[in-house]
Amino acid sequence: MKKIFFLLVVFSMTFTSCEDFLDEDPSIGLSPDKLTDLASMNALVHGAYDNMRGFYAYQPMITSGFVRDYSVRNSANWTPFYKWTNTGVPSMFTGNSYGNGFRTLNKVNTVLNADVENMYGSQAEKSEVLGDAHFLRAAVYFQFDMTFTDPNSGKSVPLVTTVLGTNDRVTQASGTELRAQVVADIEAARQHLKVKNGITSYLAATAMAARIYFYHGNYALAYERANEVITSGAYTLEPNPADIYSKGNSSSEAIYTIIVNRTENSFGPNSIGNSNFQADKDKGVVSLNPHSEIAVFRNANPSDKRFTDLFKEADGLVYIDKKYPSQDSDYINLRLPEMYLTRAESNIMKNGSVSAADVADINVVKNRAAVSLISGVPSMENMLEMLFQERSIEMCFEYGDRFYNSRRVKRDIVAEGGNGIIPHSTYNTLLVYPISQQDKDIHGF
């Protein structure tokens, strides 16, 4: 199974502040001495996947705002957020990520510290639950490192891999420690899921590994993992961009998807995105910032299907609504075009030159968009700029790649009103998620 299913918890759709993750009640109401069989382990994993809905909920909005891709029209919540590149990020906007991330970790750490290998069941059944647990821990700590690690001090969130009690205290880890754990977990996930897919799949873990290695600067392994996903033949590009998001979990290019079931839990990136991006002057909150890089790219390529099919002009605005077409739309966190663009750039970075294969990869993505293809083999400098633009257009308003990639290549971002820029050296130190004062006080950070 390549998709992610979530069960049983209903969240508020309002912003919540950070809270001490150690105060959470025991998972699913069971004490550790009762969690001794694979059925309990599977229940914990299902509950952990459900927490991922809240973990990702605000990431597309927050990160798209960081790079000023949208303008805020009518929201008291998001208007001050738009100025964070001048003031830093308030902790109230990071609480869903922090709290749900550690709720996920509480559950998967219970699984990974249990004696799963000696539980009754086949090796395949054990591998699938362990694969899911390692995958989730890798996904959470990767995102924590990308958002909470301070580039000056190197400090990040606590690295918790054991089962903690409510009176236990933790220390801050470094981003370096988090990255080492992420690599260990994602490779363990791949090893287990290769035996048997769990709720997620071996190829989803491999695609997540490609993303992780790409952002860690390990371009040789990023290339290998992206290449494995592409050459597996398991995924194909949708002919029309709009079909990706309307199909959601059934899209042929979706690799890692949060599936929506509103009878169980309607809160998540889909509901937040649809509420804010919808093409309604009074109900929607944001529209395309006319000064943004995305607007510049759109003006240069007005016939690009990623603009004509996914954006809508009305009321003197450009709405950016089709990636979150309804409250019932699924949230695709990883899809095939990212793998093509990652494979191409990773190959260039590891070789120090551009090959015809790299050009072919970017042309696959451009061809679906019905824009002019690259001819010949450009210089490395020109090709990297083309890759930045393609990645920006293809993945704007999604999981956060626009901001993370801009920061990775140390690119300046547009100032609020379009007058000038905010340099990487400034925003890189400001746009870091804060840990709540409550957790700092409790744990002595």
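**Model and conventions.** I am working from a predicted model, in which local features need pLDDT of at least 70 and side-chain atom pairs count only at pLDDT 80 or more, while totals for chains, interfaces and linings use all residues. Residues are numbered from 1 along each chain as its sequence is written, and side-chain values use heavy atoms, with hydrogens and water left out.

**Confidence.** I checked pLDDT, the predictor's confidence in each residue from 0 to 100. The protein chain averages 88, and 89% of the residues score at least 70. Residues 1-29 have a pLDDT below 50, yet this stretch has 108 contacts in the model beyond near neighbours in sequence; a contact means heavy atoms within 4.5 Å. Where pLDDT is low, the predicted coordinates should not be read in detail.

**Fold.** I found 19 helices and ten strands in the protein chain. Helices (H or I, at least four residues) and strands (E, at least two) are DSSP runs, numbered from the N terminus. Among contacts with a separation of 6 or more, 74% join residues 24 or more positions apart.

Just after α2, Arg 68 takes a positive phi of about 60°.

In α14 (residues 336-351), 13 of the 16 residues are buried, so α14 too is largely enclosed by the rest of the structure. Gly 352 follows α14 and has a positive phi, near 75°.

**Positive phi in loops.** Most residues other than glycine have a negative phi. I noted Asp 315, with a positive phi of about 60°, in the loop between β6 (312-314) and β7 (317-319). Asp 315 is partly exposed, at a relative accessible area of 48%. Phe 397 has a positive phi near 65° and is in the loop between α16 (380-395) and α17. Phe 397 is buried, at 2%.

**Largest pocket.** I put its space at about 390 Å³. Of its 15 lining residues, the closest to the centre are Asp 145, Met 146, Arg 179, Arg 407 and Asn 428. α17 gives the most to the lining, with three residues. By class, the lining has five nonpolar, four polar and six charged residues. Ala, Val, Leu, Ile, Met, Phe, Trp, Tyr, Cys and Pro count as nonpolar, Asp, Glu, Lys and Arg as charged, and the others, Gly among them, as polar.

On a 1 Å grid over the protein atoms alone, a cavity is a set of points where a 1.4 Å probe fits but cannot get out, and a pocket is an open set with protein on both sides within 12 Å along at least five of seven lines; lining residues have an atom within 4 Å of a point. Points are joined across faces, edges and corners, and a volume is the space filled by probe spheres set on them.

**Cavities.** I found five of 30 Å³ or more. The largest cavity has a volume of about 60 Å³, and its lining includes Tyr 245, Lys 323 and Glu 398.

Terms used: Buried means under 20% relative accessible area, exposed over 50%, partly exposed in between (1.4 Å probe, protein chains only).
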